Amino acid sequence: MQDEYRTVAREGVHEIEINRSRFLCALAPAATEQEAQDFVARIRKEHPTATHNCFAYVIGADAAVQKASDDGEPGGTAGVPMLQMLMRRDMRYVAAVVTRYYGGVKLGAGGLIRAYGGAVGEALDTLGTVTRRRFRLATVTVDHQRAGKLQNDLRSAGREVRDVNYGEAVTIEIGLPDADVDTFRGWLADATAGSAVFELGGEAYGDA
């Protein structure tokens with residue numbers, strides 16, 4: 001698994017104009033291929049009179065799913081340069097649609113490649129990107145007397161407290177980088193005089 005990946009910070013649209021043709025690049029985070037396809041379909045619906053709605057998306061922290069479409073532009077001049085721009089910027093879990101309204105001046109293959117790739121690059125710069133880092137989920141179980149202080153200690157130590165459940169005991173869910181697990185065990189034993197139960201869970205990605 002990748003230790004980290006980048007994705008777009010938020011959904012949005014950035015427009016550029018080249019030789020009277022308008023290129024609107026819509027970007028959105030997409031957790032699954034279905035989400036990416038739904039986003040493409042929504043943008044197409046918003047621009048039914050556009051000359052082209054070309055798209056590219058990358059799903060998976062290891063970029064397992066990569067798709068691109070020229071949507072009627074000459075082969076390899078739209079979707080592929082869009083996808084290449086996403087990959088060059090290490091973008092994952094992201095969908096891009098570039099909507100073109102033709103302005104009457106042909107750009108040629110090189111001009112199209114620069115326009116479509118450039119629209120994605122500028123949109124990424126405008127909307128911003130975020131890095132997500134892989135971590136292990138873990139739960140800490142302590143008695144009620146120690147729970148409040150432990151939560152404060154965790155937060156002041158810069159640990160991410162994801163969830164807290166109060167039952168017979170208190171379970172606190174946290175996220176830890178893999179490399180910190182052993183150090184954390186020692187810290188937790190000291191902080192709770194060895195009374196806390198520590199369990200490692202699965203893996204997830206969170207904001208770096």
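Contact here means heavy atoms within 4.5 Å. The model shown in these views is predicted.

**View 1. Surroundings of Met82 in the predicted model.**

**View 2. The largest nonpolar core.** This core has 27 residues, and Met82 is among those with the most contacts inside it, together with Phe23, Leu27, Leu86, Val98, Tyr116 and Val120. Two or more residues each come from the strands β3 (21-29), β4 (52-59) and β6 (94-101) and from the helices α2 (79-88) and α3 (108-127). With eight residues, α3 gives the largest share. In soluble globular proteins, nonpolar side chains tend to be buried together.

**View 3. The second core.** A separate nonpolar core has 16 residues, including Ala138, Val140, Val142 and Val161.

**View 4. The two domains of the chain.** Domain 1 spans residues 4-127, and domain 2 spans residues 132-207. Taken over C-alpha atoms, the domain centres are separated by 41 Å.

**View 5. Spans annotated in UniProt.** An unreviewed UniProt entry gives "domain: Impact N-terminal" for residues 20-124. This span is 39% helix and 29% strand, and its end C-alpha atoms lie 22 Å apart. The feature "domain: UPF0029", also from an unreviewed UniProt entry, is placed at residues 140-194. For residues 140-194, the end C-alpha atoms are 12 Å apart, with 44% of the span in helix and 31% in strand.

Key. Residues are numbered from 1 along each chain as its sequence is written. This is a predicted model: local features need pLDDT of at least 70, side-chain atom pairs count only at pLDDT 80 or more; totals for chains, interfaces and linings use all residues. Side-chain values use heavy atoms; hydrogens and water are left out. UniProt positions are given in the numbering used here, feature names are shortened, and annotations may be inferred rather than shown by experiment. Helices (H or I, at least four residues) and strands (E, at least two) are DSSP runs, numbered from the N terminus. Domain bounds come from an automatic or database domain assignment. A nonpolar core is a set of buried Ala, Val, Leu, Ile, Met, Phe, Trp, Tyr and Cys residues joined through side-chain atoms within 4.5 Å. Buried means under 20% relative accessible area, exposed over 50%, partly exposed in between (1.4 Å probe, protein chains only). Lists of a residue's contacts leave out its neighbours within four places in sequence.
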